[in-house]
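Here are some notes on how the two chains meet, for you to read beside the coordinates.

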Amino acid sequence: MNKFSLEQKSNDRAEVIYLNGFLDAHTAPQLETAISIVISQGKNRIIVNFNNLEYISSAGLGVFMVFIEEVRANSGDIKLAGMKPKVFTVFDLLGFPMLFDIVDTEEEAFAKFN
Amino acid sequence: MQERMYASGDTQELERVRHFVESKAREFGFTEQGVYKITLAVDEACSNLIRHSYQHDSSKEFCVEVGFDEGILVIEILDSGAAFDPLNVPAPNLREYAEQHRRGGFGVHIIRMTMDDVEYFPSDPAHPFNRLKLTKKLN
């Protein structure tokens with residue numbers, strides 16, 4: 001089994017999604033469902049915490065592409081926090097730092113929403 | 001030396017493919033960063049194959065062959081689907097893709113950026129399988 005799981009915490013400042021394990025073409029639909037549920041609840045300030053994510057392929061990156069315009073159109077954002085260097089490499093290869101706010105820590109992401 | 005594994009057209013197989021490629025690349029002496037990139041390239045190639053060519057049909061199989069000779073790693077992915085030359089895929093335009101809410105189209109770009117050489121040989125009467133050949137030098 002591909003090991004991937006996610007947890008969510010919400011407060012009045014933002015919704016935080018914690019990723020664990022391996023995000024690939026098999027597991028990316030789980031993340032896509034989770035984000036679409038958050039957005040359907042009218043929450044457009046989303047922080048994705050990558051601290052415990054070991055691996056990502058482009059299927060995982062694609063999930064953020066699906067929603068980024070929508071949340072920004074509603075004055076929100078998806079901020080990406082705490083990536084391990086090997087995970088960041090994949091974002092960097094595709095030029096994601098140009099389009100996404102990628103920060104070192106969850107606290108930094110919160111601060112950017114204030 | 002050369003080793004091969006077989007997998008079916010199901011994304012659940014990606015983990016097994018990654019383990020195979022990762023352990024071989026490590027055995028051949030690639031750095032952890034090199035191992036990660038090689039594994040990622042193969043994951044992207046197989047994800048595309050499973051999704052687009054096999055359309056998640058788990059009754060279809062593909063083969064991943066890994067060889068290492070004189071400091072050069074050669075990985076070949078053989079499939080029996082419709083021929084699709086990834087080298088014809090243009091580089092993605094991130095802003096355009098975001099506007100179009102597009103989730104795909106990055107895999108080929110990643111393969112090109114992480115491997116030294118990418119070649120594609122569609123099947124023909126003498127060679128019944130399409131073959132994607134990825135090469136990386138051990139520096």
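Predicted model: local features only at pLDDT ≥ 70, side-chain atom pairs only at ≥ 80, totals over all residues.

1. Residues are numbered from 1 along each chain as its sequence is written, chains are lettered from A and ligands numbered from 1 in the order in which they are written, and side-chain values use heavy atoms, with hydrogens and water left out.

2. Helix 3 (residues 85-93) of chain A packs against helix 2 (residues 32-53) of chain B at an angle of about 50°, the axes being 11 Å apart. Lys86(A), Val87(A), Thr89(A) and Val90(A) make the contact (heavy atoms within 4.5 Å) with Tyr36(B), Lys37(B) and Leu40(B).

3. In the interface as a whole, 28 residues of chain B are in contact with 30 residues of chain A. The two chains bury about 2,600 Å² between them, 61% of it on carbon and sulfur atoms, where buried area is the accessible area (1.4 Å probe) lost on being put together, summed over both parts. Tyr36(B), Leu94(B) and Arg103(B) supply 26% of the area that chain B buries against chain A, more than any other three residues.

4. The rule for salt bridges (a side-chain nitrogen of Lys or Arg within 4 Å of a carboxyl oxygen of Asp or Glu) finds 3 across this interface. The side chains of Arg18(B) and Asp24(A) form a salt bridge at 2.8 Å, N to O.

Terms used: Axes fitted to C-alpha atoms, helices over the stretch in contact; angles between N-to-C directions. Helix = DSSP H or I, 4+ residues; strand = E, 2+ residues; numbered from the N terminus.
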